[in-house]
Amino acid sequence: TAAAAGRDGARVSGAVHCLVLRTLPQLPPTYLLNHLLAAYARSGRLPLARRLFDAMPDPNLFTRNALLSALARARLLPDMERLFASMPERDAVSYNALIAGFSGAGAPARAARAYQVLLREEAVVDGARVRPSRITMSGMVMAASALGDRSLGRQVHCQILRLGFGAYAFTGSPLVDMYAKMGLIGDAKRVFDEMEGKNVVMYNTMITGLLRCKMVEEARGVFEAMVDRDSITWTTMVTGLTQNGLQSEALDVFRRMSAEGVGIDQYTFGSILTACGALAASEEGKQIHAYTIRTLYDDNIFVGSALVDMYSKCRSIRSAEAVFRRMTCKNIISWTAMIVGYGQNGCGEEAVRVFSEMQRDGIKPDDFTLGSVISSCANLASLEEGAQFHCMALVSGLRPYITVSNALVTLYGKCGSIEDAHRLFDEMPFHDQVSWTALVSGYAQFGKAKETMDLFEKMLLKGVKPDGVTFIGVLSACSRSGLVEKGRSYFHSMQKDHGIVPLDDHYTCMIDLYSRSGRLKEAEEFIRQMPRCPDAIGWATLLSACRLRGDMDIGKWAAENLLKTDPQNPASYVLLCSMHASKGEWSEVAQLRRGMRDRQVKKEPGCSWIKYKNKVHIFSADDQSHPFSGTIYEKLQWLNSKMLEEGYKPDVSSVLHDVADAEKVHMLSNHSEKLAIAFGLIFVPEEMPIRVVKNLRVCVDCHNATKFISKITGRDILVRDAVRFHKFSNGICSCGDFW
């Protein structure tokens, strides 16, 4: 029956059983039936094992333990408990099976109670009291670890020492793992150091614990001290270094591993591809991809998902897509990696399409997948599709998951429904850093500085630690409301009180803070004191403010630096053109335009779009291509006449052409956002707000005109431009004319 435990164990066990019944004239002896029962159990034929057990006239302790162990492995806890309770005698094996069954089924507390019964019960087998074995104590250490119960863990450790098992690696490795998981790394190190005859499993456990507690140097010391290392040792180092943000070092360890000819498995590939993704190391990632092909791991579902994730983070979304399409088998992780990848690369429409494809394939989304596709809808400002996924979250029962709830708060905030975002936030039973940041950023986009700061202060009072993204929201709210001193105070607090190192986005917020308030000299001084030069957005922010304020000197300085930072960025040319045009310096404007042509710099054309009945309608300035173009222009003419009656005066300062004022007014009247708003007034039902998205910043004239339109028509109009959200209602904009 020894062969019964192999691949064909069930078939062999059955054949042997038949042979026994045919060969022996009377009922086979108990010891032979015990071995048959154990063979059936080990080969997964539990019903046959139970039938044999029920037919045995004289089962003994071995018989019952064999079936008890099989029931424990099968996680059949009620049957396991009934058999245990019916046993006339029990030994350490009986208790080990019971404890293992509870622990394996995710019930460590019941495993601990079973152990307490063992200690209290005066069970005697063959004249000796039942004592816990090494297996018992190893199981109890794992139960204490699963419970995170430090007191129980220390008690079990004391009993291990009292029973004389302290020198065994079989109990030592679980103890090291338990203390490390509980954050008691000093105790874990003490157990490790006191253990004699350490094996590779114990070294691996110690390295894992040290890396989990971010003690990288100590882990490296243990690793280098090892004489023999297996593939798990190397993979543990690669994974641990990656998780501790040391991706370059993880790549170095992987190279050593490969050079030493150590076998690389799916987990090693998964970890090193994660490191490549974090570093955006596309070349190294491609080399490892080639390695997976040579070692026949490229079709492994775990490795395939990691490759999709790596290419997505390296901004090679088409390579990620190619890997995904070649995968012969996909699971929820594979689909989610592709959906997240599309979202990270600004391909929200593709993310929604792949999500629908996943559903057609019969894969049910989990909370992370659903949260990811909702985030893509938020980035697209697609409230209609996002609302459909909101319904899906309610129907599927995934709405309470914090990943989904946070995504929904972000969705409604980014789509201009800040009241709905706040309501969803209030309905959440628990808020983490992402929840608070989503709502803070939502209010900041609307320019509601008071609400943004109140929320931020409430977040701090709740003991939630803000991150860099939270401060971007707070600083931008101060910037858009002209609260210079408050913004400056938050910027210093971010570094001093919260230990956050400013990134380019934080510096840009501060440049914007000074610039919007007209304190251009202070903005210049701030830039000169920065530890590094601003990025292109920072210089463009200063240049834009110089255009509004007419400061040609600082404007030229900003434009020169913007050209150095990003020679192909059209903002420097366009904003300087605007400054010269406002002063009537048309020769300067012509020279700048020639420079753009010579350098092949292209300005992104402005466009606006509006969604109606699941179709996106896109408009550009003077657009005549829409099927309802005639009706739209008629509506615009009517609106223009009504606006003039209400006191509207076109602001021609943003027209950068040397033409008559009448021609400039005509150009302004057909801007893309006005066409999109006219379309919305015609087709969107009156009880619904009109939602328009623009790829560039709304010009001064269109902003003023939209205020008049909202008052004349009595409609709420939400415009999301490249800078912020504007909610126009009854002639007033939520930004307070500061954007």
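**A few notes on this predicted model**

1. Let's begin with arginine 154, which sits in helix 9 (residues 150-162). Please keep in mind that this is a predicted model. With a relative accessibility of 35%, arginine 154 counts as partly exposed.

2. Next, the surroundings of that arginine. Once its neighbours within four places in sequence are set aside, arginine 154 is in contact with Tyr179, Leu184 and Asp187. Valine 141 is 13 residues from arginine 154 in sequence, and their C-alpha atoms are 9.2 Å apart in space.

3. Serine 94 belongs to helix 6 (residues 92-104). Its relative accessibility is 0%, so serine 94 counts as buried.

4. What does the side chain of serine 94 make a polar contact with? The partner is the side chain of asparagine 65, at 2.7 Å. Not counting residues up to four places away in sequence, serine 94 touches Leu61, Asn65, Leu68, Phe84 and Met87.

5. Now for a helix pair: helix 20 (residues 332-344) packs with helix 21 (residues 348-360) at an angle of about 165°, and their axes are 7 Å apart. Angles over 145 degrees count as roughly antiparallel, and helix 20 and helix 21 are therefore roughly antiparallel to each other. The crossing of helix 20 past helix 21 is left-handed.

6. On the helix 20 side, the contact is made by Ile332, Trp335, Met338, Ile339, Tyr342 and Gly343. Helix 21 contributes Gly348, Glu350, Ala351, Arg353, Val354, Phe355, Glu357 and Met358.

Note on methods:
Residues numbered from 1 in each chain as written. Predicted model: local features only at pLDDT ≥ 70, side-chain atom pairs only at ≥ 80, totals over all residues. Heavy atoms only, no water. Axes fitted to C-alpha atoms, helices over the stretch in contact; angles between N-to-C directions. Helix = DSSP H or I, 4+ residues; strand = E, 2+ residues; numbered from the N terminus. Parallel < 35°, antiparallel > 145°, perpendicular 65-115°, else oblique. Left-handed = near helix turned anticlockwise from the far one by under 90°. Contact = heavy atoms within 4.5 Å. Buried < 20%, exposed > 50% of the residue type's maximum accessible area, 1.4 Å probe, protein only. Polar contact = N/O pair within 3.5 Å; in protein donor to acceptor, adjacent residues only side chain to side chain.
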